[in-house]
Amino acid sequence: MVWQCKKGILSNEKYYGDLILQKTYTVDFLNSKKRKNKGEIPQYIVEGHHEAIVSKEDFLKVQAMMSERAAQFGNVPEIRHKYNQRYAFSGKLICGNCGATLKRRLWNSKAKSKQVVWLCKTYINEGKSSCNMKALDDITLKAVFVRVFNRLYEYKEDFAKAFTDNIEKVLKQGAKCEDAFKLDRDISNINEEIKSLVRQQIKGELREDEFDKKYIVLKKMLEDLQVRKEALNIDSNKYDEILKRTAEIKRIINLREIALAEFDDDIFEGLIEKVVVITPTHLEFHLKNGMKVEEEFIKKRGINGLQ
Ligand SMILES: [Zn+2]
């Protein structure tokens, strides 16, 4: 069973690199359900990539920094938090063209009412020539998220299973537990060699300069192995973090008794790491466990929201 040696699998840096570069797996379990809107069948892509996951260290660093800043400016963290949460999308929308964040703007659309749109920061600051990403309207974005959530909700069992199956598949393909075991064995061997060297030295069987020379070599080898071992543990922690985040996503989905009728800030906040805006009608929702849900849609002229 793959989980038993998961530490071994994920601990190998080289393997981990493979995992990151691995082709994406497309799980289109919805195809078999034959939905009417053929163009709207979503693709659930599970990538074995963990880059989106913030390490515990980074998280703590940011937290510390934030409270430090809050103290500096006389702000209570809770108040800052509330302020930051004013718009669920703030800081979470990424321009697929240039990588900048999208900023909230009000548009006077044909005198009727003010329309809320999200515009690429580069476009705002440097103009069309630097980034030509078009505006994404707030209502559409909310409607698309509702649709994404409801699909996850409707197929929550399939979704959860597909996700774990795919992670397992990725892991099984490159399972190389022996690398971790080999590392442990090498470390233990070198430790034994060092002990024996010290014993020889104490017994007077080794000249001091000979001892020093050998000791330095062994010490260096041991340090290198320990660094690799350390990297293993970090990867393994990242993996545990993904499982934790997946469980949290499942929990949020299961909390709902019925599908969403309208946009919900808390659910968006709980589920979504970021949204990459490929075009204003092609969005990529990145869930907090690294899973990606793509949505492409058509907008009809003169109608807000989705068709
Ligand atoms: Zn841009």
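Mentor: pLDDT is the predictor's confidence in each residue, from 0 to 100. This is a predicted model, in which local features need pLDDT of at least 70 and side-chain atom pairs count only at pLDDT 80 or more, while totals for chains, interfaces and linings use all residues. Residues are numbered from 1 along each chain as its sequence is written.

Trainee: How do you know where in the chain confidence is lowest and where it is highest?

Mentor: The chain averages a pLDDT of 71, and 59% of the residues score at least 70. The lowest mean, 26, belongs to helix H2 (residues 13–21), and the highest, 97, to strand S3 (residues 93–95); helices (H or I, at least four residues) and strands (E, at least two) are DSSP runs, numbered from the N terminus.

Trainee: How many contacts beyond four places in sequence does the model have for residues 73–85?

Mentor: Two residues are in contact if their C-beta atoms, placed from the backbone, lie within 7 Å. For residues 73–85, where pLDDT stays under 50, the model has eight such contacts, and for residues 1–56, where pLDDT also stays under 50, it has 102.

Trainee: Why is Leu119 called buried?

Mentor: A residue is buried if 20 or more other C-beta atoms lie within 10 Å of its own, exposed if 12 or fewer, and partly exposed in between. Leu119, in strand S5 (residues 113–120), has 20 such atoms and is therefore buried. Beyond four places in sequence, Leu119 touches Leu102, Lys103, Arg105, Ile124 and Ala135.

Trainee: What makes Gln201 partly exposed?

Mentor: Gln201 has 17 C-beta neighbours inside 10 Å, so it counts as partly exposed. This residue lies in helix H8 (residues 177–202) and, leaving aside neighbours within four places in sequence, is in contact with Leu206 and Phe211.

Trainee: How does the reach of helix H6 compare with what is expected?

Mentor: The expected span is 1.5 Å times one less than the number of residues. H6 (residues 138–154) has 17 residues and reaches 24 Å from first to last C-alpha, close to the 24 Å expected. Its buried residues include Leu141, Phe145, Val148 and Leu152.
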